[in-house]
Amino acid sequence: MASFSTEVRNELARLNEESTCCQRAELAALLRMGGAMVLGGGGVGMNFTSENAAVARKVLSLIKRGVSLRTEVVVSRARRLKKNNSYLVKVTPSPHVKEVLLSLGILGGEGLNIGQDSPLLRKQCCRRAYLRGAFLGGGSVNRPEGDYHLELVSANPDFARTLAKVMKGFSLPVGLTERKQDYVVYLKGGDAITEFLQIIGAHNALLDFENVRVVKGMRNQVNRLVNCETANLQKTVNAAVRQAAGIQRLASRGELEKLPKTLQETAHLRITHPEASLQELVDLLDGKVSRSGLNHRLRKLEELALKL
């Protein structure tokens, strides 16, 4: 069974951006997540690695869009059980690759641009595409049946801070932390994750997430109600047992017959109906006494029994 993260990636990889600016923003984030530059005799080349075939195809499609580049896809078969295949998209070094990297902002006027992609993020649609590319390249999200947690992992601190800034621009409660050699941009909470899925265009995954979330919420509410009802029932049982024991103690000492008729009537009612709740005892008396009045009588019987 595919992970929820894989389902989200497969959906996002099928989306086709028509706007050139959004395509650049998405590709820039993808390459910052899983790409690397290589030097060769023809100039600069690129490699991109992913364990998801759909993501590799998406990168290949975006790289070749409008530019004539020599590319190759190498598949590394997984030798270990439950390990995914690895897909390497190789772009042969050429002058055109440098043009692509310059257009993406990965190369700047003075060399490598570490993670400042402000020119690509002027429009909101481009910022959405940028986050989508980041999730495709290095994002993960837990299934909604478990804890609500989504994260984007990068080894580049400047890129991680840029992602956090973009997410804050969408009013998301984003956090940023270090994990070993990586920087993790994360979201917690169902509302934040559904908002993020909507922003990046994962609408089918969003519906699945919300459906499970609603069922989970209803199940939790039912559990809370059952637990509350069980606790109330336990209190009723404990009180009935305590009252019956006190009444029997009074009867064994000959004290019960000395009490007022109202208390004797209440004692007889409790002994003959040991499992009844307070309201059920009131109903058996046909409303001759209120709940508070009957409760007062039972407490009085308990107090008298304790004095013995």
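These legends describe close-up views of a predicted model. Residues are numbered from 1 along each chain as its sequence is written, and side-chain values use heavy atoms, with hydrogens and water left out. Local features need pLDDT of at least 70, side-chain atom pairs count only at pLDDT 80 or more, and totals for chains, interfaces and linings use all residues.

**View A. Helix H2 packs on helix H3.** H2 spans residues 20-34 and H3 spans residues 53-64 (helices are DSSP runs of H or I, at least four residues, numbered from the N terminus). Their axes lie 10 Å apart, at an angle of about 130° (axes are lines fitted to C-alpha atoms, for helices over the stretch in contact; angles run from 0 to 180 degrees between N-to-C directions).

**View B. Residues at the contact of H2 with H3.** Gln23, Glu26, Leu27 and Leu30 of H2 meet Val55, Lys58, Val59, Leu62 and Ile63 of H3 (contact: heavy atoms within 4.5 Å).

**View C. An open sheet of four strands.** The order is S1-S2-S4-S3, with antiparallel pairing (strands are DSSP runs of E, at least two residues; a pair needs at least two bridges). S1 (35-40) and S3 (71-76) are the edge strands, each pairing on one side only. Five bridges join S2 (residues 43-50) to S4 (residues 86-91). Threonine 49 has leucine 88 in S4 as its bridge partner.

**View D. Helices across the sheet strands.** H2 lies across S1 and S2, at about 80° to S2. H4 (residues 95-104) lies across S1, S2 and S4, at about 65° to S2.
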